Structures are given as C-alpha cells and as structure tokens.
Amino acid sequence: MRFDTVIIGGGLAGLTAGITLQEAGRKTVIVSAGQNALHFFSGTFESTEAERERITEFFVRAGIPVHFQDGQRLMPAGTFRPAALSLEDVTLFPQTPVSSKALIVNFSGFHDFFTAFLAEGLEKNGTTCRICTLDLPEMEHLRLSPSEMRSVNIARVMDSCWEKAVADIRVMHKDEDLILLPQVFGLKDASIPGKILAALPARAAFIGTMPPSVPGIRTQMQLKRRYEILGGTFLMGDEVTSAAIHDGVVSSITTRNLDTSRIFGEYFILASGGYFSKGLAATPVQVVEPLFRLDVAFEEDRNGWYRQDFFADQPYMDFGVKTDADLHAVKDGQPLKNLFAVGSILGGTRPDFGSAAGLALRTAFAAADAITTSKPQE
Ligand SMILES: Cc1cc2nc3c(=O)[nH]c(=O)nc-3n(C[C@H](O)[C@H](O)[C@H](O)COP(=O)(O)OP(=O)(O)OC[C@H]3O[C@@H](n4cnc5c(N)ncnc54)[C@H](O)[C@@H]3O)c2cc1C
C-alpha cells in the first residue's frame, strides 16, 4: 500500500492532520491503535486563543458546532474554570454565583456523576441546591449490572428517549433558576443537547461525568466520519510496530494486522500521544519514544521528574520528542526529513504552539501545511 502521507495515531492531532491533508487533495492513511485523549475530553478545547478562526471553521466543516464567550465553565466539583473554545453543549456563565437555586438531576443508579460534590461546590458560592433522580424504565436493563450503568450506555438510551427525560424534569422542577444534568446526551446526534436546553423550564447546563466522555466520543466519531467522507483510509484498532529509515528518510511502516506487508509513504506524521496513549514511555532511568526511538527532551535526574505537591504542574508532563523549527522529528541529533511529530507527544517542548488541544490542533495544521506546500522528496 502506498500513500502520500501515513499518519500514526487517530486522536485529535492525527485526525486533524488527516482531514487537513484530505481537504488539500492528498491521499492519506491513519493507523490508530486504540483509545485516545478525546475519550476523556471535557468538551472544552484549551489553549485555542491563537488560530481560533481556523480552528472554529475546521470544526464547523466537520459538523461540530463550537462556541467561545467570555465567561466561565462549571466543573464537576462545583468549581469554575475560565472559558475556552467549547462544544456548543458546554454552557458558559458570565458571573459567580451562577444562580440562586439549582436543581441537580441524576439518573438513578448512575455513580459517575457526583451530585453531592457539585452541590457542595455550588453552595460555597451561594447557590442552594436540590438533588433529584430520574427513574426511567428504558434504563432498567442497564441497572441490572452496575458496570453497565456508564455514561456511554446511558447516552445510547437517551438518544431515543431524551424527550421523556425532559418531561420528567419538567415535573420535578419547582422554582429553580438553573437545572444541571450529567453530560450524557447526544452521543450520535449533536443537536439533542441544544433541543434539551430549549425544552427545559429554566436555564440548564450539562456537567462532566467520569469517563468515557460522551461529548469526546461524539467529537471523535464526527472527525473520523469527516476524514472518511473526504476519502481518507482509517485503520482502526491496528498498531504501527516498526518503521524503515534510510539516510534520514522514513520509507515505510509495518503494522500488527497487516502482517508482512508494508505501508509506504512520501511523508509520515507521528501523532501517537503522550504517556497515556503510549506515544511516550517512561523507564526507571529515561523517557523514550518507543516506535522510532526519537530523541526525547527530559530531565536526567529522576528526582526532577515530579513535584511532591500532587496538584502542582508536574515536570514530566513537559517532556516530549525533540523537533526542529518545522516540527521534523529529531533522531540521533538529526531531523528526519519526512517525519513530523505533532500533538501531545511533544509535551511542553513547543510552547510556541500552545498546550492541550491547542497544541494538537495547531501542530497538526502546521505539519499538514508543510506537506501540502513542500516539494516531493528526492
Ligand atoms: C485524560 C486526558 C484528558 C484530556 N482532556 C483534555 C480536554 O478536555 N481539553 C483539552 O484541551 N485537552 C485535554 N487533554 C490534552 C490532550 O492531550 C489533547 O487535547 C489532545 O486530545 C491530544 O491529542 P493527540 O492526538 O496528540 O494524542 P492522543 O489523543 O493521546 O492520541 C494518540 C493516539 O495514537 C495512538 N497510538 C499510539 N501509538 C500508536 C502506534 N504505535 N500505532 C498506532 N496508533 C498509536 C493511541 O492509541 C491514540 O489513539 C487531555 C489529555 C488527557 C491525557
């Protein structure tokens, strides 16, 4: 198999690079091993101040409505975070306290939405809270086993009976000026959260639950669909196992499922994520990039890898693969001519591209732009 560009990793960075290249008429393949950080996504794309217009248009073309307003977002523990570019179903509040009385609604038997923490946090900010549970018969089969009562399973049921939930909440509602619900709506249909907000008798907001994240999985599915509609090849559940490199140029890769056949490419993009996705791995003495054995920037003294304060920014999160100015990955001190490294595998090595989702999006754009404007490899 031969492609213009081979992308390793199908998280936010890999999909963004793939879509951008397909939009430019390139033939690409994405090989993606498994879960990615979008499965834990809060619904808010951090660090997207730069290139906000390009990022917003990118999502809108993929059928993912996003918005940004000055304000703050209500977090699962009842605390607040400054606003950032968010999915449309993330409600941003202009000030604290956000309401005088709030109704917090959960599903009976759903333990991944912490209503008591949420109420405690809000009450510290002067909001009186009342907690109610919904007991829909459509969820009975999930309640038979506690492991089934998870966000994505609830969202599957809610895709077809969200109107019943709204009808029950309307009955529960008294005089509260805010209704808070777990973020378990609109797994397949992104318009459902907006319809719920419009149908409820007071201002409402969806609050994050324990993973998997319903808005994150929906975003991943929509990006993948966009990529495939544009003609991209997505090899789901496969893993790149080795790469051939000669004279500073990557020529091909092998994958677990393709056995002995190779995938050839003119360009390669490494978007295999950080420690969480195994794009980086830590041994007792070093941090390595396991596939290409790229150079990694990390602190030699292991005591400098972390801080005792659990909540402090941890230095190991800044470790990442080394790149030149144009995001070519560096191996043995030399940039590889046709391999770009993008997304969270960079850690904090490229603060010029921001952090979090902003880093994934902007480095993916930059690599795709470099490929579409560069001359063919010699
Ligand atoms: C738990 C968690 C939650 C986060 N939440 C947010 C948030 O809410 N907002 C925000 O702005 N940022 C968030 N971030 C930051 C996050 O890193 C970025 O937002 C972004 O999603 C990272 O995308 P990525 O594509 O670089 O990496 P990833 O999403 O990690 O994707 C990498 C993919 O590469 C695959 N892969 C790895 N090795 C191979 C291989 N050899 N072959 C094939 N595939 C391979 C992995 O299986 C994975 O699917 C979060 C990070 C984590 C870890």
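This is a predicted model: local features need pLDDT of at least 70, side-chain atom pairs count only at pLDDT 80 or more; totals for chains, interfaces and linings use all residues.
A ligand nitrogen, in turn, has a backbone N or O atom of Ala33 at 3.0 Å. These are polar contacts, meaning pairs of N or O atoms within 3.5 Å.

On its own the ligand has 1000 Å² of accessible area (Shrake-Rupley, 1.4 Å probe), and the protein covers 85% of that.

## The shell

Helices here are DSSP runs of H or I with at least four residues, and strands are E runs of at least two.

## Strand S16 and its partners

S16 (residues 262-270) runs parallel to S1 (residues 2-8), joined by six bridges, with Thr5 opposite Tyr267. Pairing takes at least two DSSP bridges. S15 (residues 249-255) is antiparallel to S16, with three bridges; Ser252 partners Phe264. In their hairpin, which has six residues between the strands, Asp259 takes a positive phi near 55°.

S22 (residues 334-341) pairs with S16 in the parallel sense over three bridges, and Phe268 has Leu339 as its bridge partner.

## Ground rules

Numbering starts from 1 along each chain as its sequence is written, and side-chain values use heavy atoms, without hydrogens and water. Local features need pLDDT of at least 70 and side-chain atom pairs 80 or more, while totals for chains, interfaces and linings use all residues.

Key: A polar contact is a pair of N or O atoms within 3.5 Å; within protein, one must be able to donate a hydrogen and the other to accept it, and residues adjacent in sequence count only if both atoms are side-chain atoms.
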